[in-house]
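Visitor: I have a chain open on my screen and would like to talk it through. Can we start with the overall layout and then go into the details?

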Amino acid sequence: MIAVTRAVGTKAVGLGTMVTLAVAVPAALLAQTLDETGSVDDDSPWLIALFAVVLGAMVLGGYLAAERRADAPLINSALAAVGAYVVVQVIAAIRLLVDGDAISWAAMPFFALLASAAGMVGGLVADHRARTPRR
């Protein structure tokens, strides 16, 4: 347990989380607005593209976190993406509870794993770049 806490760079994870939030939240809010107003269908390419932007934001945040902690790229990249996911989900859950809407508790672990995997993709890219000699 001590080795894991030493491997986590709070500044690296914090930066990755903030960058993920800065890119993903506007895209997610736009997707939610388009969906709720009925401007697009549920299977619209716009919603798929915006979901890809959210996943890309998690990859980017994971990349930045891993780049700053090259000694433990995967744990830092996963934590950056999951940290952003947790922030958004806590706010969304509070909003849904206040409005009296239902919360899909079963979907949360799945999307947390998806966020972790997306962040680790960024971590793997950062690790690969760090290990590849420059020409």
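Predicted model: local features only at pLDDT ≥ 70, side-chain atom pairs only at ≥ 80, totals over all residues.

Visitor: Fine. What does the secondary structure come to, in helices and strands?

Guide: The protein chain has 5 helices and 0 strands. Read from the N terminus, the order of elements is α-α-α-α-α.

Visitor: What does the C-alpha trace span along its principal axes?

Guide: About 50 × 35 × 20 Å.

Visitor: And how many of the 135 residues count as buried?

Guide: The figure is 35% of the 135 residues. As for contacts with a separation of 6 or more, 75% of them join residues 24 or more positions apart.

Visitor: On to packing. At what angle do helix 3 and helix 5 pack?

Guide: At about 45°, and their axes are 7 Å apart. Helix 3 covers residues 45–68 and helix 5 covers residues 107–131. The two are therefore oblique to each other.

Visitor: Which hand is the crossing of helix 3 and helix 5?

Guide: Helix 3 passes helix 5 in a right-handed crossing.

Visitor: Which residues meet there?

Guide: From helix 3, the residues are Phe51, Leu55, Met58, Val59, Gly62, Tyr63, Ala66 and Glu67. Helix 5 meets them with residues including Leu114, Ala115, Ala118, Gly119, Gly122, Gly123 and Arg129. By class, the contact of helix 3 with helix 5 holds 12 nonpolar, 4 polar and 2 charged residues.

Visitor: Now helix 2 and helix 4. How do their axes cross?

Guide: The axes of helix 2 and helix 4 cross at roughly 45° and come within 8 Å. That makes helix 2 oblique to helix 4. The crossing in which helix 2 passes helix 4 is right-handed.

Visitor: Which residues does helix 2 bring to helix 4?

Guide: Helix 2 brings Val13, Gly16, Thr17, Thr20, Leu21, Val25 and Gln32. On the helix 4 side, the partners include Asn76, Leu79, Gly83, Val87 and Arg95. The contact of helix 2 with helix 4 divides into 8 nonpolar, 6 polar and 1 charged residues.

Visitor: Change of topic. Where does Ser77 lie?

Guide: Ser77 lies in helix 4, residues 73–99.

Visitor: Why does Ser77 count as buried?

Guide: Because its relative accessibility is 0%, and buried means under 20%.

Visitor: What is Ser77 in contact with, leaving aside neighbours within four places in sequence?

Guide: With Gly62, Ala65, Ala66, Gly119, Met120 and Gly123.

Visitor: Which backbone oxygens lie by the side chain of Ser77?

Guide: The backbone oxygen of Pro73 is 2.8 Å from a polar atom of the Ser77 side chain. The side chain of Ser77 also reaches the backbone oxygen of Leu74, at 3.0 Å.

Visitor: How far apart are Ser77 and Ala92 in space?

Guide: They are 23 Å apart, C-alpha to C-alpha, and 15 residues apart in sequence.

Visitor: Last one, Ser44. Where is Ser44 found?

Guide: Ser44 is found in the loop between helix 2 (10–36) and helix 3.

Visitor: Buried or exposed?

Guide: Ser44 counts as buried, because its relative accessibility is 7%. A polar atom of the Ser44 side chain lies 3.1 Å from the backbone nitrogen of Trp46.

Note on methods:
Residues numbered from 1 in each chain as written. Heavy atoms only, no water. Axes fitted to C-alpha atoms, helices over the stretch in contact; angles between N-to-C directions. Helix = DSSP H or I, 4+ residues; strand = E, 2+ residues; numbered from the N terminus. Parallel < 35°, antiparallel > 145°, perpendicular 65-115°, else oblique. Left-handed = near helix turned anticlockwise from the far one by under 90°. Contact = heavy atoms within 4.5 Å. Nonpolar A, V, L, I, M, F, W, Y, C, P; charged D, E, K, R; others polar. Buried < 20%, exposed > 50% of the residue type's maximum accessible area, 1.4 Å probe, protein only. Polar contact = N/O pair within 3.5 Å; in protein donor to acceptor, adjacent residues only side chain to side chain.
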